[in-house]
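Student: Can we go through the rings in this one together? I'd like to know what the labels rest on.

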Amino acid sequence: MDRLKLQTLLIILMVISQSSWSQNTDWEPLFVNGKDLSGWRELNGNHKWEVRDGMIIGTTVPGEPNGFLCTVNEYGDFVLELEVSIDTLMNNSGIQFRSLSNPDYKNGRVHGYQMEVDPKPQQWSGAIYEEGGSRGWLYPGSQLTPAAREAFHRDNHAGYQWNRYRIECVGSVIRTWINGIPVAHLIDNKFMHGFIGLQLHSNAEGDPKGSHTVRFRNIRIQSGNLQLTPLDDIRAINLYDENGVSVSKRKPSPLHLFKDSISESIAVYRHSGKEPILTQIAKQDERPYLHPISAPDGKGILTEYRPSHHPHQTGIYWGLKLVNGRDYFMQWKNDYWHGVSASILSGKGEKVKWQTVYDMLDENGHTIMVETQNWSLQDYGDNYVLDLEWIGEAKTDVVMGEFYVGGLFVRMPWIKETVGEIVNSAGLQGMALEGQRAMWSDIGIKVDGRDDLAHIAIFDHPGNAAFPTPWRVDSQMGIGPSRQILGDWEIKKGETETIRYRLLIYTGDRNDAKLTEVAKNFWNEFDF
């Protein structure tokens with residue numbers, strides 16, 4: 001029995017001893033009389049809530065933030081059941097539980113666990129999210145079984161399609177079901193008590209026009225002696241934290257930068273390291289790139305320099321296609337690029353920063369755009385956090401033409417015999433990612449010197465104009481987000497465009513919940 005299964009079993013046994021798996025079937029109705037909203041209050045948003053035909057009906061008011069109709073009472077251990085029906089035009093909705101609203105936390109922002117109500121084709125209903133907090137998806141939709149994904153019924157031509165939702169919370173164990181199908185099994189101890197809430201998602205100006213309504217009925221709860229569902233084989237994600245310290249909050253180790261004018265490079269070193277862990281090559285007459293990057297434990301090189309199958313691909317780099325007709329993705333030499341500067345911005349400390357500035361040249365040698373890359377790196381011992389801020393300053397009107405690739409790209413070592421995997425935040429794998437939008441994508445490859453996979457995960461940012469951006473994936477496992485897949489985009493003369501990405505470099509097994517936590521931390525660090 002592995003450690004995770006053992007921990008899960010021990011926690012379940014504690015739950016059993018506390019609840020006695022009672023057969024008590026006493027239910028308390030939360031929608032007491034079916035006629036008004038007694039016992040409920042709206043928090044955060046100012047949407048339309050009404051009672052009709054035994055239903056609580058919420059309708060989104062455009063421009064309002066996420067709103068929540070919440071119980072006045074709070075609950076710790078409970079079993080909650082209700083029925084939900086949602087318009088297909090809605091972004092999503094959710095059932096809040098063990099949730100809080102404190103004046104000293106983001107001005108009363110509702111925060112806590114949420115069971116997803118998702119009418120979109122991605123089928124993430126029943127997954128568990130940390131609303132209003134820093135961790136984001138705790139049990140992401142990418143972990144749902146095929147049966148769980150199919151459990152939710154979307155409204156159709158026949159009218160409302162009601163879905164039976166069930167949430168069981170006892171101690172640190174949280175489990176969800178839709179229409180009798182088990183969906184999520186989470187072990188977490190951050191929120192142990194709070195109210196129940198019904199969410200209305202914000203409605204942006206660009207959203208489809210039409211009805212944005214969600215309906216709830218037959219809302220009931222058990223507390224005290226609980227009738228729990230027998231255990232099933234749904235995968236448990238264990239985020240239980242005895243010390244209350246998240247992995248993402250560990251203190252990074254000190255680093256320092258060294259600029260070598262002869263090799264035209266900037267290298268990152270650990271405090272007592274003799275070899276760099278990451279190098280940026282920034283020659284005056286070539287496009288800049290990052291290579292080599294060593295694994296955090298020193299076992300293997302994670303990037304590749306100009307492979308025979310794609311000689312223009314150099315480690316981690318930025319290259320746009322069809323910029324006023326010119327190809328800066330495949331062309332890396334001096335008739336396309338001219339280096340202006342490569343400089344250290346913060347050379348020592350827990351986060352080191354450096355910058356490269358390059359002119360992008362037209363066929364006559366004139367600058368059409370100045371490209372600035374601001375990089376930073378943090379070392380957490382078993383992973384690196386690498387951030388890129390790309391800034392394009394147009395010296396004339398520039399148009400990036402529609403193409404299947406263009407922008408940030410990652411080239412890890414690959415040959416025909418390579419063992420590896422590519423997965424995105426929507427659960428798509430391999431070439432199925434091609435052209436699909438996602439919040440993050442993760443490449444894992446078995447590089448020389450390792451028995452496990454080395455990973456580079458790339459995170460998109462909501463401040464980027466195309467978020468979530470589509471992804472280019474080639475048959476040699478090269479990958480990168482590409483706004484150009486969506487069509488032409490333009491920067492007017494004298495204007496700038498800023499695009500941000502985060503890369504998590506690590507080894508071992510992929511943990512989608514932790515990747516989502518990294519994404520949310522990234523999003524919270526920058527205004528958008």
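**Rings and their neighbours**

Tutor: Let's start with a pair: Phe152 and Tyr165 are both buried, where buried means under 20% relative accessible area (exposed is over 50%, partly exposed in between; 1.4 Å probe, protein chains only). This is a predicted model, so local features need pLDDT of at least 70 and side-chain atom pairs count only at pLDDT 80 or more, while totals for chains, interfaces and linings use all residues. Residues are numbered from 1 along each chain as its sequence is written, and side-chain values use heavy atoms, leaving out hydrogens and water.

Student: Why is the pair of Phe152 and Tyr165 called edge-to-face?

Tutor: Rings of Phe, Tyr and Trp (its six-membered ring) pair if their centres lie within 6.5 Å; planes under 30 degrees apart are stacked, over 60 edge-to-face, the rest tilted. Here the centres are 6.4 Å apart and the planes at 85°, so edge-to-face it is.

Student: What makes Tyr328 and Trp337 an edge-to-face pair?

Tutor: Their centres are 5.7 Å apart, with 90° between the planes.

Student: And how do you know whether Tyr328 is buried or exposed?

Tutor: Its relative accessible area is 0%, so Tyr328 counts as buried. Trp337, at 1%, is buried too.

Student: What lies over the face of Trp162?

Tutor: Arg217, at 3.9 Å from the ring centre. The rule asks for NZ of Lys or CZ of Arg within 6 Å of the ring centre and within 35 degrees of the ring normal. Over the face of Trp27 you'll find Arg220, at 3.9 Å from the ring centre.
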